[in-house]
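This report describes selected features of one protein model. Please examine the sequence and the structure shown below before reading on.

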Amino acid sequence: MSEFKNCFTIAIDADDTIENLLVAWISELNKRHNLNASIDDVKGWEMGELYPTLTSEQIFSPLFDEEFWYSVSPKADAIKYVEQLIKDGHDVYIVTSSHYETVKAKYEAIIARYFPSIDWKHFITSHNKHLIKCDIMIDDGPHNLEDNDCIRILFDAPHNKKYPAEENQMKRVHNWEEAYNLIKNLDWFYSIFGLETIQY
């Protein structure tokens, strides 16, 4: 882990961290197939459990439709706080494990549209996020955080409710205000590891 300093390199996930992919995805599948699943029905990562009558191709089809990404909305306050992190002097990157065929649509419909301060040089596609060198990573996928040598913030989502974040040296946040305040005050991180707080 890099030495602590006033400003950090922060890697932020896209899907269900800065935007509401799951909500839009469920809505689109319900519309296409005349179904009535709800986000409250989501218990894990496998969408097939939510839609047992659909094939894998049917389930993932919306993600390869460029127009679909324009129906995905930002998380509440994500625009405000991501912009504030940049204004505070942090080096902010969006790091997504998106399929390569969906990257262009996602960038144009979400990042360029809602997060104009994040240019394409700060947009990274990597399925292996443990390869990303950063000070802080914010993600809704515990598997993306587990092997990373950085400060790890787990963004709460229906599919990670049962994951023991604290036991794995992560801090769970439920919204972007919480995430921002954690980065402003990292005492929680030092307490997890039994370290003395460093003033900076």
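## Nonpolar cores

The largest nonpolar core has 49 residues, and Ile12, Ile18 and Trp176 have the most contacts inside it. A nonpolar core is a set of buried Ala, Val, Leu, Ile, Met, Phe, Trp, Tyr and Cys residues joined through side-chain atoms within 4.5 Å. Buried means under 20% relative accessible area, exposed means over 50%, and partly exposed lies in between (1.4 Å probe, protein chains only). Apart from this core lies another, of 11 residues, which include Val95, Leu145, Leu154 and Tyr163.

This is a predicted model, in which local features need pLDDT of at least 70, side-chain atom pairs count only at pLDDT 80 or more, and totals for chains, interfaces and linings use all residues. Residues are numbered from 1 along each chain as its sequence is written, and side-chain values use heavy atoms, with hydrogens and water left out.

Which residues does Trp176 touch? Among them are Ile12, Ile18, Ala78, Tyr81, Val82, Leu85 and Phe155, when residues up to four places away in sequence are not counted. Contact here means heavy atoms within 4.5 Å.

## Helix α4

Helix α4 comprises residues 78-87, and Ala78, Tyr81, Val82 and Leu85 are buried in it. These four cover an arc of only 100 degrees around the axis, so they lie on the same side of α4. The arc is that of the directions from the helix axis to the C-beta atoms. An α-helix has 3.6 residues a turn, so residues three or four places apart point the same way.

The cover over the buried residues of α4 includes β1 (9-12), β2 and α7 (176-184). Exposed Lys80 and Lys87 are carried on the face turned away from the buried side. Just after α4, Gly89 takes a positive phi of about 105 degrees. Helices (H or I, at least four residues) and strands (E, at least two) are DSSP runs, numbered from the N terminus.

## Helix α5

The 12 residues of α5 should span 16 Å at 1.5 Å a residue, and the end C-alpha atoms are 16 Å apart, which agrees. The expected span is 1.5 Å times one less than the number of residues. The buried residues of α5 include Val103, Tyr107, Ile110 and Ile111. Its buried residues pack against β2 and β3 (123-125).

## An aromatic pair

The structure holds five aromatic pairs. One of them, Trp25 with Phe60, is tilted, at 5.5 Å centre to centre and 55 degrees between the planes. Because Trp25 lies in helix α1 (residues 21-33) and Phe60 in helix α3 (residues 56-60), the pair ties together parts that are 35 residues apart in sequence. Rings of Phe, Tyr and Trp (its six-membered ring) pair if their centres lie within 6.5 Å; planes under 30 degrees apart count as stacked, over 60 as edge-to-face and the rest as tilted.

Trp25 is buried, with a relative accessible area of 8%, whereas Phe60 is partly exposed at 37%.

## Two loop residues

Asn148 lies in the loop between α6 (142-145) and β5. Is Asn148 buried or exposed? Asn148 is buried, with a relative accessible area of 5%. It touches Lys129, His130, Ile132 and Met137, leaving aside residues up to four places away in sequence.

His99 is in the loop between β2 (91-96) and α5 (103-114). With a relative accessible area of 36%, His99 is partly exposed. A polar atom of the His99 side chain lies 3.0 Å from the backbone nitrogen of Glu101.

Note on methods
Polar contact = N/O pair within 3.5 Å; in protein donor to acceptor, adjacent residues only side chain to side chain.
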